[in-house]
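Subject: Handing over the model

Hello,

Here is the structure I promised you. Please open it beside this email and follow along.

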Amino acid sequence: MTSRRTRDRLINRLVDSGIEDQRVLEVIRQMPRHLFIDEALSHKAYEDTALPIGYNQTISQPYTVAKMTETLLDGGELNRVLEIGTGSGYQTAVLSCLVKKIFSVERIQPLQEKARARIKRLKMHNVQFKHADGGFGWPEKGPFDGIICAAAPEEIPPELFEQMAVGGRLIIPVGGKAQELRLVIRQSETEYTQSVLEEAKFVPMLSGSIK
Ligand code: SAH
């Protein structure tokens, strides 16, 4: 069991880094992050760092999850959210506590299966998973009030713009070696605004899917 103090320390660090949304901080405080990584790394579970989850991928840094979730929630109530890059399922689990329905796409099947088992174990029932290349979004389930992307494309795929609801938000890292985390808001049927939130360092968005 992780001590209350260890988790509180993480929350204090997130607050110091500028996270303000109390709902997000509380969900992260309660979330058993150690269940989303290998047992050998569990002593590091409540540090504010990304950690390897196999297949050359990482569980996101808690700060990154907090920042993306906070930015998403800033737009008001969210019914349908698309997540691209399920990975360990940690961001999925945080979202599960804060939005109505999540549709999560992962291109590496074994990662997706593990994430699905964790979400089931935590008795979270508002998540649907898909094994596919998330660069195409999940058109059958859209439009989405929010899209959160955990892997960086060189350019934002047009499908993601198309699958945003009017008023919806897309939070996505963009670039290669140098990346920036961007917020896109669909202001109307035809109009989108984009702003840069901060510098970013995500794994690249890769095409195709792996069994
Ligand atoms: N938020 C996740 C981050 C996982 S890392 C976590 O905390 O665990 C990013 C994930 O994006 C990896 O699992 C990677 O396989 C996945 N990914 C990369 N390109 C993708 C694509 N085109 N479609 C779906 N998933 C993709």
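In which loop is Pro143 found? Pro143 sits in the loop between strand 5 and strand 6. A cis peptide bond joins Gly142 to Pro143, with omega at about 0°.

Some ground rules come next. This is a predicted model, where local features need pLDDT of at least 70 and side-chain atom pairs count only at pLDDT 80 or more, while totals for chains, interfaces and linings use all residues. Residues are numbered from 1 along each chain as its sequence is written, and side-chain values use heavy atoms, with hydrogens and water left out. Helices (H or I, at least four residues) and strands (E, at least two) are DSSP runs, numbered from the N terminus.

Two strands pair if DSSP finds at least two bridges between them.

Look at strand 8 (residues 164-175) and strand 9 (residues 179-186). They pair in the antiparallel sense over 7 bridges. Pro173 stands opposite Leu181 in strand 9.

Contact here means heavy atoms within 4.5 Å.

**Helix 5**

Which residues of helix 5 are buried? They are Gln109, Leu111, Gln112, Ala115, Arg118 and Ile119. Buried means under 20% relative accessible area, exposed over 50%, and partly exposed in between (1.4 Å probe, protein chains only). An α-helix has 3.6 residues a turn, so residues three or four places apart point the same way. The cover over the buried residues of helix 5 includes strand 1 (51-54), strand 2 (57-59), helix 4 (90-96), strand 4 (101-106) and strand 5 (127-131).

Lys123 is not a glycine, yet its phi is positive, about 60°. Lys123 is exposed, with a relative accessible area of 65%.

**The hairpin**

Strand 1 and strand 2 pair in the antiparallel sense over 3 bridges. Their hairpin has 2 residues between the strands. One of them, Tyr55, takes a positive phi near 55°. Asn56 lies in the loop between strand 1 and strand 2. Asn56 is not a glycine either, and its phi is positive at about 65°. Is Asn56 buried or exposed? Asn56 is exposed, at 75% relative accessible area.

Gln57 lies in strand 2 and is the bridge partner of Gly54. Gln57 counts as buried because its relative accessibility is 18%. Leaving aside neighbours within four places in sequence, Gln57 is in contact with Leu51, Pro52, Ile108, Leu111 and Val203.

**The ligand**

How many residues surround the ligand? There are 25, and the closest are Ser60, Ser88, Glu106, Gly134 and Leu206. A residue counts as near if one of its heavy atoms lies within 4 Å.

A polar side-chain atom of Glu106 lies 2.6 Å from an oxygen atom of the ligand. A polar backbone atom of Gly134 is 2.7 Å from a ligand nitrogen atom. A polar backbone atom of Arg107 is 3.4 Å from a ligand nitrogen atom. A polar contact is a pair of N or O atoms within 3.5 Å; within protein, one must be able to donate a hydrogen and the other to accept it, and residues adjacent in sequence count only if both atoms are side-chain atoms.

Best wishes
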